[in-house]
Amino acid sequence: MPAYQRLTRQSIDLWPEFMAELYDHSGSVNVNYDRKGGLVLCLGEKAFEERRALNAQLAEQLRNSDNLDQDLATEMLDRRQLQSLMPNLRLGSEIVGASYCSSDGHANPLYLLAALHAAVRRLGGELLSEHRVETIRRNDGSFVVETEQRHFRASRVVIAAGISSGKLAKQVGLEAPIRPQRGQILVTERVQPLLPLPCSGLRQTTEGTIMIGATHEDVGEDSSTTTEASISLAAKAVRIAPDLAQLRLVRHWSGLRIMSPDGFPIYTESEEFPGAFVVTCHSGVTLAAVHAHVIAASIVRGTFSSDTGPFSHRRFHVNAAA
Ligand SMILES: Cc1cc2nc3c(=O)[nH]c(=O)nc-3n(C[C@H](O)[C@H](O)[C@H](O)COP(=O)(O)OP(=O)(O)OC[C@H]3O[C@@H](n4cnc5c(N)ncnc54)[C@H](O)[C@@H]3O)c2cc1C
């Protein structure tokens, strides 16, 4: 979906400004954002050639849709080039090379969430936990949002409730066909810097822990962790970098990604109840800058539909009819 490539790249461009703004508004929370590029490591020749073909396909799609020669900032590195980028990491024998994208970056999602919470509060917003929204209805030209404790009245409502967004959307006449996809991650003890760049399935935080994963599992709303996943994640990590076998694991967690049928975000406004919006995606960290600067702004300005056309839920109706 070329529109998704453009959206992601737009968010990447906005991230430095977003981070600076967030730092000011949150009272100096540093989200450890770093943009030195990122790698997709390739185990074996087949994976290397498949990655090369995928990069070429993405570049072609963008060129065709924009009719311009875009620089995707992506290149294939052989094993020697890869090793020179990561001198402290002994690569496994099956690693053939990697795809490198200079626009890629990394932020700490826990600090990002903390910074967003702090910024909302400092800008006069209110965060209410333990207030589960049960009902959204129209009354006298505005929306009434009902929780067990309180009712809220507003002229506009944005449903961004993760995996629960689908159920709430139905109440304002919207079909947002989302499903959960489980991702499990292993976290190691803190070690000296080994990974200067974030890699597919392997990233080191500023504090020194290494995150291994994640899985992609269709198991419904089950966010438990499993021994099978820890075995397969650890085994793959050791094929990539054998010395990781020496590290102790300190955490194993899982979360649910919010997936639409085609995997792309849903940004949509209800036709039946104008003023009710759904905003949902599975890459909320990457897209945080574009959500704050573009999506939120167009909801406020009233230009939402024209700005987010390709991401409307209506694309699924067309597919269903076809
Ligand atoms: C393993 C894993 C790896 C990931 N890796 C990346 C990555 O590398 N890059 C990236 O960009 N993204 C990544 N993500 C995705 C990113 O974490 C999500 O996109 C982001 O958390 C989704 O944010 P959200 O606010 O839409 O939903 P959520 O984080 O699910 O938040 C929804 C909120 O709504 C609340 N809520 C739900 N129902 C109701 C209700 N009825 N009333 C009131 N409140 C309600 C919930 O309590 C929750 O606080 C990853 C996710 C996982 C699981």
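**Before you start**

The model is predicted: local features need pLDDT of at least 70, side-chain atom pairs count only at pLDDT 80 or more, and totals for chains, interfaces and linings use all residues. Residues are numbered from 1 along each chain as its sequence is written, and side-chain values use heavy atoms, with hydrogens and water left out.

**Stop 1: the domains**

Colour the protein chain by domain. Domain 1 is 1-34 + 106-124 + 133-178 + 260-322, domain 2 is 37-104 and domain 3 is 182-256. These bounds come from an automatic or database domain assignment. Between the C-alpha centres of domain 1 and domain 2 there are 31 Å.

**Stop 2: the ligand**

Select the ligand and its shell. There are 21 residues around the ligand, and the closest are Val133, Arg203, Gly284, Val285 and Thr286. A residue counts as near if one of its heavy atoms lies within 4 Å. Domain 1 and domain 3 both give residues to this shell, so the ligand lies between them.

Now show strand E11 (residues 249-259). E11 supplies four residues, the largest share of the shell. Strands (E, at least two residues) are DSSP runs, numbered from the N terminus.

Colour the shell by residue type. Nine residues are nonpolar, nine are polar and three are charged. Here Ala, Val, Leu, Ile, Met, Phe, Trp, Tyr, Cys and Pro count as nonpolar, Asp, Glu, Lys and Arg as charged, and the others, Gly among them, as polar.

At Val133, a backbone N or O atom is 2.8 Å from a ligand nitrogen atom. At Gly284, a polar backbone atom is 2.7 Å from a ligand oxygen atom. At Val285, a backbone N or O atom is 3.0 Å from an oxygen atom of the ligand. On its own the ligand has 1000 Å² of accessible area (Shrake-Rupley method, 1.4 Å probe), and the protein covers 61% of that.

**Stop 3: sheet E1-E3-E2**

Select 38-43, 74-78 and 95-101. What is the strand order? This open sheet runs E1-E3-E2, with antiparallel pairing. Strands E1 (38-43) and E2 (74-78) are at the edges with a single partner strand each, so one side of each has no neighbour in the sheet. The twist from one strand to the next averages 25 degrees.

Five bridges pair E2 with E3 (residues 95-101); two strands pair if DSSP finds at least two bridges between them. Pick Glu75: its bridge partner in E3 is Tyr100.

**Stop 4: sheet E4-E5-E6**

This open sheet also has three strands, in the order E4-E5-E6, paired antiparallel. E4 (133-139) and E6 (151-154) are the edge strands. E4 and E5 (residues 142-147) run antiparallel, joined by six bridges. Finish at Asn139, whose bridge partner in E5 is Ser142.

Conventions. Polar contact = N/O pair within 3.5 Å; in protein donor to acceptor, adjacent residues only side chain to side chain. Axes fitted to C-alpha atoms, helices over the stretch in contact; angles between N-to-C directions.
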